[in-house]
Amino acid sequence: MTTLHTINCTPSNRDCWQDCLNAISDGDTLLMIENGVYGAMSKADFWPDNVQIAALEGDLKARGLSAPASVETISMQAFVELSVQHSKVVSWF
Amino acid sequence: MIFSIVVYATPYSSQAASTALQYCEELISQEHQIHRVFFYGDGVQAASALSCPQQDEIQLHNRWQQLAEQHDLDLVVCIAAAAKRGVIDQNEAKRYGRVNNSLGDRFTLSGLGQLVEAGIVSDRVVTFGESR
Amino acid sequence: MSTEKSCLIINRTAPYGSSHARDALDVALTSGVFEMPLTLLFSGDGVWQLRKEQQPDTIEQKSFAANLCVLPMYDIDRILVCSDAMAQRGLSLDELVLPAESVDAERIRTEIQQHDLVLTF
């Protein structure tokens with residue numbers, strides 16, 4: 001039973017990011033949305049292992065960002081598909 | 001799959017309110033069933049028909065109304081959260097002695113039981129909240 | 001009406017400065033009415049919600065701690081607090097207004113996996 005976690009705050013909100021990262025288990029997906037996509041610019045070694053790391057493309061593009069190789073850029077379509085694949089969605093805001 | 005959405009962010013002050021709408025539009029295009037959209041806390045402001053955004057801004061209230069009309073969505077607004085924020089229908093306006101009402105006609109005022117019921121009935125519940 | 005689906009509410013916000021704490025509590029109490037199995041987890045600044053001796057008269061708000069104390073009347077007694085959050089804020093269990101179980105990150109991950117519905121406030 002895996003979980004899709006969404007996070008929409010910038011990495012400067014350390015508490016939010018800490019709570020979110022501590023809540024992630026193997027096989028989960030972390031999806032950065034809205035201002036959360038600024039987190040995509042974090043270094044590759046920041047991310048937990050065995051977790052899919054993704055960012056919403058519309059939000060990246062809006063902010064003039066390109067995700068590095070360690071982060072998968074996904075569409076709203078894929079956001080919904082991930083919501084179906086995982087057993088629940090937990091929102092961190 | 002059956003989805004319910006919780007909108008927990010106020011329109012325009014926060015992007016979350018429009019992400020919620022876009023997510024619902026995508027759910028519909030993928031032919032998922034939306035059991036309920038529940039507007040809570042500051043999210044109730046989306047239900048106000050008195051909202052007058054600029055023409056070049058996202059027309060959030062109207063988009064929700066259209067979506068509800070086209071797809072028979074159940075848009076439920078937490079009555080307690082709404083009343084204190086001035087989002088009221090004719091009944092509530094009469095009850096509180098207010099001169100105007102503001103609730104869009106595709107929205108319904110109801111209690112938190114509707115959120116809990118949505119949680120029980122739905123396969124997925126997705127919350128869109130304001131980032132801090 | 002009872003249900004087999006379980007709900008975990010994660011409280012991450014301090015009381016009084018915003019309505020999140022109260023919004024979460026209202027959902028918790030409603031879940032109790034529906035007899036939905038419920039766990040309340042307090043993490044981050046949410047642990048402040050449980051602190052004793054809250055006196056909000058001057059700021060003209062209702063006592064949040066007093067409202068929390070009705071939870072047992074709704075058979076809501078699974079109260080968890082994040083041990084890291086407590087330690088970072090210098091809070092101990094005996095300073096809390098309700099009996100709570102201190103849990104670590106691994107336990108929190110398990111709780112998230114085991115509940116059908118997770119709401120964060």
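Biologist: What ipTM and pTM does the predictor give the complex?

Modeller: This is a predicted model, and the predictor assigns the complex an ipTM of 0.97 and a pTM of 0.97. For chain C, the average pLDDT is 95, and 98% of the residues score at least 70.

Biologist: Let us turn to the strands. In which sense do strands S1 and S2 of chain A pair?

Modeller: One reads the sense of pairing and then the bridges. Strand S1(A), residues 3-7, pairs with S2(A) in the parallel sense over four bridges; Leu4(A) has Thr29(A) as its bridge partner in S2(A). S2(A) also pairs with strand S3(A), residues 52-56, in the parallel sense over four bridges, and there the partner of Leu31(A) is Ala54(A).

Biologist: How many residues does the largest nonpolar core have?

Modeller: That core has 103 residues. Those with the most contacts inside it are Leu56(A), Ile5(B), Val7(B), Phe39(B), Val77(B) and Ile9(C). Helix H1 of chain B, residues 16-29, supplies the largest share of this core, seven residues.

Biologist: Which residues does Phe39(B) touch, leaving aside those up to four places away in sequence?

Modeller: Phe39(B) touches Val7(B), Val44(B), Ala46(B), Ala47(B), Val76(B), Val77(B) and Cys78(B).

Biologist: Why is helix H5 of chain B described as largely enclosed by the rest of the structure?

Modeller: The test is a count of buried residues. In H5(B), residues 113-121, seven of the nine residues are buried, so the helix is largely enclosed by the rest of the structure. The buried residues are Gln114(B), Leu115(B), Val116(B), Glu117(B), Ala118(B), Gly119(B) and Ile120(B).

Biologist: Let us consider backbone angles. What is phi of Glu35(C), and what is phi of Glu53(C)?

Modeller: One looks for positive values in residues other than glycine. Phi of Glu35(C) is near 55 degrees, and phi of Glu53(C) is near 65 degrees. Glu35(C) lies in the loop between helix H1 (20-33) and strand S2 (38-42) of chain C; Glu53(C) lies in the loop between S2 and helix H2 (64-68) of chain C.

Biologist: How many residues of chain A are in contact with chain B?

Modeller: Here 16 residues of chain A contact 17 residues of chain B. The elements of chain A that give two or more residues to this side are helix H3 (76-85) and strand S5 (88-92). H3(A) gives the most, six residues. By class, this side of chain A has eight nonpolar, six polar and two charged residues.

Biologist: How many residues of chain A are in contact with chain C?

Modeller: Eleven residues of chain A contact 13 residues of chain C. Elements H1 and S5 of chain A each give two or more residues to that side, which divides into four nonpolar, four polar and three charged residues.

How values were computed. Residues numbered from 1 in each chain as written. Chains lettered and ligands numbered in written order. Predicted model: local features only at pLDDT ≥ 70, side-chain atom pairs only at ≥ 80, totals over all residues. Contact = placed C-beta atoms within 7 Å. Nonpolar A, V, L, I, M, F, W, Y, C, P; charged D, E, K, R; others polar. Pairing = 2+ DSSP bridges. Core = buried A, V, L, I, M, F, W, Y, C linked by C-beta atoms within 7 Å. Buried ≥ 20, exposed ≤ 12 C-beta atoms within 10 Å, placed from the backbone. pLDDT = per-residue confidence, 0-100.
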